[in-house]
Amino acid sequence: MRVLLIEDTTGLGEAVRDQIRDDGHAVDWVQSLSFAEASVKATSYNLILLDLMLPDGNGFDFLKSLRKSGNSTPVIILTARDQVSDRIEGLNAGADDYLVKPFDLSELSARVGAVARRYRGDPNPLVKIGHLEIDLSEHRIKANGQAVELTAREWALFEGFVQRPGTLLSRSQLEDRLYQFGAEIESNTIEVYISRLRKKLGRDVIITVRNMGYRLETYEH
């Protein structure tokens, strides 16, 4: 997924960013609401992690504005405000989850995965596509019953296909899953990762559609 992290505390921001990256997602980290507003206008995100107390405003106002504009991107609030009234306000404003600081990073990962699955319309983390068995929550894959190890970036790319099996994905859509703002994109990066996935999962798993993109086959080979 592509995740927008809005957090002004440097230490926590770095920890959350690194955790989400290690889970195989691309992360854009901003430290103010002004940068957050610019980011959501420029980029389509799969998830937003939102701190409430920011140097230029209140995260609740940002969330309410987001929902008023029709933006339905999932939002998880990360805050030290632990009163029940705060949680109710956050959920009523349109948040999908509410995590109180300090929190365990592994719990954050689990909540991110759960929210993502709900928005895909499938709360079940176990997916079977052809000869592949995929555990989205544990980032585990079996091909013909044999465990396959993927790197974080290989997983990030493959997860995009799993979320939309049979759908043609363009190079730019795939690049968005691997890179954050400012990252250098090499011309053959997608081809390299597609080749690695084919070697690990089967050469016919991902199909190339010339000059258009790639898609994940959905039938048994």
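User: What should I know about the numbering and the model?
Analyst: Residues are numbered from 1 along each chain as its sequence is written, and side-chain values use heavy atoms, with hydrogens and water left out. The model is predicted, and local features need pLDDT of at least 70, side-chain atom pairs count only at pLDDT 80 or more, and totals for chains, interfaces and linings use all residues.

User: Why is Asn 144 called exposed?
Analyst: Exposed means over 50% relative accessible area, buried under 20%, and partly exposed in between (1.4 Å probe, protein chains only). Asn 144 has 58% relative accessibility, so it counts as exposed. Asn 144 lies in the loop between E10 and E11, and its phi is positive, about 55°, although it is not a glycine.

User: Why does Asn 211 count as exposed?
Analyst: Asn 211 has a relative accessible area of 77%, and therefore it is exposed. Asn 211 sits in the loop between strand E12 (206–209) and strand E13 (213–216). Asn 211 is not a glycine either, yet has a positive phi of about 65°.

User: What makes E8 and E11 edge strands?
Analyst: The open sheet has four strands in the order E8-E9-E10-E11, with antiparallel pairing. Strand E8 (126–129) and strand E11 (146–148) each pair on one side only.

User: How do you know that both faces of strand E7 are covered?
Analyst: In a regular strand the side chains alternate between the two faces of the sheet. In strand E7 (residues 97–100), Asp 97 and Leu 99 on one side and Tyr 98 and Val 100 on the other are all buried.

User: What is the handedness of the unit made by E6, helix H4 and E7?
Analyst: A crossover is right-handed if, with the strands pointing away from the viewer, the path from the first strand over the helix to the second runs clockwise. E6, helix H4 (residues 84–93) and E7 make a right-handed β-α-β unit. Strand E6 (residues 75–79) and E7 pair in the parallel sense over four bridges, with Thr 79 opposite Val 100 in E7.

Technical notes:
Two strands pair if DSSP finds at least two bridges between them. Helices (H or I, at least four residues) and strands (E, at least two) are DSSP runs, numbered from the N terminus.
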